[in-house]
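Visitor: Please show me how to read this structure, one feature at a time.

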Amino acid sequence: MASHSHAQPIGGPLNKKFVTVMTVILGIWAVVVLYRFIFGIGVVSGLTDYYPWGVWIAFDVVTGTALACGGYAVAILAYILNKGKYHPLVRPAILTSALGYSMAALAIILDVGRWWGIWKIPLGGWPSVGGYNWNSALLEVALCVMAYVGVLWIELGPAFLEKWEATSKNSALVGFARLGLKFYDKAMLWIVALGVLLPTMHQSSLGTLMLLAGKKLNLLWYTPWIPLLYLISCIGMGYAVVVWESALSHRAFKRERENDMLVSLSGAMVVVIALYLLLRFADLVISGKTVLMFTSGWLSLVFWVEIALFAVPLFLLASKTRRSHFPNMILASILLMLAGAMYRFDTYITAYNPGPGKTYFPSLLEIYITVGVIALEITLYYVIVKRYPIIGGVPADGSAQ
Amino acid sequence: MSMDRRTLLKGLAIAGAGAVTPLEASEKYTAPPDDAVGLLYDATRCIGCQACVTACKNANDLPGNRYDPPRDLDGYTKNIIRLYEGEDGTYSYVKSQCMHCIDPGCANACMIGAYKKREFGIVTWDPSRCIGCRYCQVACPYNIPKFQWDTGVPKMVKCELCNHIIYDPETGTLREGALPGCCQACPKEAVIFGKYTDLVADAKQRIAEHPERYWGPDGEPKIFGLTDGGGTQVLYLADVSFDKLGFPDLENEGTAKQAREIQHGIYRGFIAPVALYGVLGLVMWRNKRAAGKEEG
């Protein structure tokens with residue numbers, strides 16, 4: 001199961017300019033976060049009792065974890081559909097997923113008001129029993145996400161162990177790394193299976209969540225099929241992220257582009273988007289909401305923009321000639337990420353209407369807290385790929401590491 | 001081969017035993033409990049004096065100033081009176097507080113049961129179980145639960161029918177003659193406390209005596225809460241339409257019902273996830289074995 005991969009650390013010193021900029025951004029971020037913890041969520045955000053969930057949930061958690069589905073989506077291809085050629089994409093995808101999910105977990109801690117009690121969720125309110133409310137889709141999401149963060153870092157374990165085995169001067173650490181890698185050789189299969197099962201569960205439940213909003217959610221988005229739509233779209237977003245990330249790291253770290261692989265991955269995107277759009281429209285037609293697509297005022301416009309963001313990548317990637325054209329592939333990936341993000345923003349914010357005259361727009365500090373979370377993720381990604389064997393392929397100039 | 005099958009079976013057993021979803025009796029959500037209590041608010045009797053607002057603050061130890069009454073429920077206000085004024089000169093006061101739903105959205109949403117529909121059907125909030133995720137606010141069709149946005153140690157705040165006054169946890173019964181703050185204070189008996197069945201009978205009698213006094217669709221006077229959103233233990237009578245008073249137009253079953261059915265449908269007995277896990281594992285195991293054969 002490719003526990004010894006061909007991936008190698010990028011190596012070299014950290015870019016000074018990058019580190020300085022990130023330190024400043026994260027320093028200010030730390031102050032804002034402290035301010036939020038002392039004086040409450042109201043002082044840093046535009047959230048209200050009518051819009052209790054804003055960008056922290058809609059972006060950091062719901063969209064963030066969907067964008068972090070690269071590891072999930074590629075694992076389905078590489079391990080379940082047994083397309084071995086995708087293996088070089090697995091590890092970078094798992095790293096982005098691990099970081100994305102960890103950042104979502106961090107965002108949840110920033111978002112919940114009574115964060116000091118979070119440990120009670122996995123324990124079901126222990127010591128008192130019968131605490132789990134199995135009616136709550138959010139409980140399922142919370143337990144699954146917590147477990148999945150752990151599973152992702154475990155899946156990434158070999159990257160760290162390989163590095164220690166190869167370079168550590170501490171013989172105990174080397175021994176530990178060897179033992180660990182042996183364990184992975186046997187157990188990786190069941191860990192990866194868990195890594196496919198858990199996102200299937202909670203990515204769909206992230207959609208189910210909003211069914212409890214009932215009539216507050218516009219009928220164009222309220223559908224019993226929402227778990228399925230969330231699941232399919234997150235897989236599409238996962239592939240899009242992998243393509244985009246591969247292109248980006250090709251440019252940033254001067255690696256050879258995994259062109260053929262990305263072209264066929266784009267082919268997988270076509271299937272996923274087509275299925276998504278088919279279900280989205282089938283649901284609206286079957287449940288008799290066809291006319292709402294045109295009569296819902298400005299939400300009709302929002303709906304069609306959202307649909308277009310899915311449809312354009314479908315068009316760009318549909319034929320093999322078009323998707324082999326690299327700029328097409330990149331544009332399609334970006335549009336698909338935006339499409340999935342917009343679908344999520346629409347269900348959680350835009351199409352959510354708690355009552356007449358109520359509006360929400362995020363405050364500057366609220367947005368800044370989200371920016372900080374993203375900055376932290378990028379910084380960690382950069383440091384880890386520099387130091388640990390994540391990215392495969394040889395440098396484009398042919399020099400060996 | 002046998003090794004892997006055993007591992008698989010063990011995995012199935014552990015996952016299955018650990019997470020069996022209890023299926024609750026469906027009638028729990030379709031009718032109020034036999035001993036249910038609640039409120040009946042008659043907007044035609046209310047004179048908008050706001051005595052109940054002050055009384056609620058006192059009874060629940062919440063800060064507030066009677067000369068500057070709150071305009072909406074908030075993190076420090078569990079009960080308010082608002083004024084509706086129509087363009088045609090009609091007007092009505094309307095009281096807002098928790099509706100104590102028969103199938104409460106908040107209790108369905110809440111992860112580890114900070115919200116519970118308790119003895120006498122009263123929906124309460126337990127601070128020791130709340131992490132402040134605010135899903136209850138998304139789930140409540142009446143936008144009742146409020147959050148304290150201005151503090152680092154916030155609480156969720158909503159009417160608990162003065163549970164701490166009317167309910168004796170030692171005997172498990174209602175305290176003789178005890179009333180929620182708002183009902184103690186009301187000079188016109190516009191809001192009264194009582195057994196749910198008595199309140200329904202009372203409302204029907206008022207309608208029978210003065211059908212012309214109350215609003216209803218097609219001239220048929222309506223008791224709001226009898227069936228709306230699956231029914232609530234707080235009932236309303238008014239002489240203007242309820243949507244003008246800010247009530248949502250709900251189906252006759254709880255919003256929570258469909259969400260619950262979908263969630264339980266997918267996770268019934270936790271069979272689907274466990275089966276999926278087993279299938280995933282087997283497929284990968286076969287893939288791995290096939291790859292091994294190719295190499296060897």
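The dialogue below goes from domains to a helix, a core and a chain contact.

Guide: This is a predicted model, in which local features need pLDDT of at least 70, side-chain atom pairs count only at pLDDT 80 or more, and totals for chains, interfaces and linings use all residues. Residues are numbered from 1 along each chain as its sequence is written, while chains are lettered from A and ligands numbered from 1 in the order in which they are written.

Visitor: Into which domains is chain A divided?

Guide: Domain bounds come from an automatic or database domain assignment. In chain A, domain 1 covers 19–50 + 364–382 and domain 2 covers 51–123 + 132–354. Their centres, taken over C-alpha atoms, are 23 Å apart.

Visitor: How many residues of the two domains are in contact?

Guide: Two residues are in contact if their C-beta atoms, placed from the backbone, lie within 7 Å. Here 18 residues of domain 1 of chain A meet 17 residues of domain 2 of chain A. Helices (H or I, at least four residues) and strands (E, at least two) are DSSP runs, numbered from the N terminus. On the domain 1 side of chain A, α1 (16–39) and α14 (364–387) each supply at least two residues, and α14(A) gives the largest share, nine residues.

Visitor: What span is expected for α1(A)?

Guide: The expected span of a helix is 1.5 Å times one less than its number of residues. With 24 residues, α1(A) reaches 35 Å from its first C-alpha to its last, close to the expected 34 Å. Just after α1(A), G40(A) has a positive phi of about 105°.

Visitor: Which residues of α1(A) are buried?

Guide: A residue is buried if 20 or more other C-beta atoms lie within 10 Å of its own, with C-beta atoms placed from the backbone. In α1(A) these are M22(A), V33(A) and R36(A). The buried residues of α1(A) pack against α4 (87–111) and α14 of chain A.

Visitor: Which residues of the largest nonpolar core touch the most other members?

Guide: In soluble globular proteins, nonpolar side chains tend to be buried together. A nonpolar core is a set of buried Ala, Val, Leu, Ile, Met, Phe, Trp, Tyr and Cys residues joined through C-beta atoms within 7 Å. The largest one has 201 residues, and V74(A), L138(A), Y239(A) and M269(A) touch the most other members. Helix α8 (residues 226–253) of chain A gives the largest share, 15 residues. Beyond its neighbours within four places in sequence, Y239(A) contacts residues including A73(A), L265(A) and M269(A).

Visitor: How many residues does each chain bring to the contact?

Guide: Chain A brings 54 residues and chain B brings 50 residues. On the chain B side, α9(B) gives the most, with 11 residues.

Technical notes: Buried ≥ 20, exposed ≤ 12 C-beta atoms within 10 Å, placed from the backbone.
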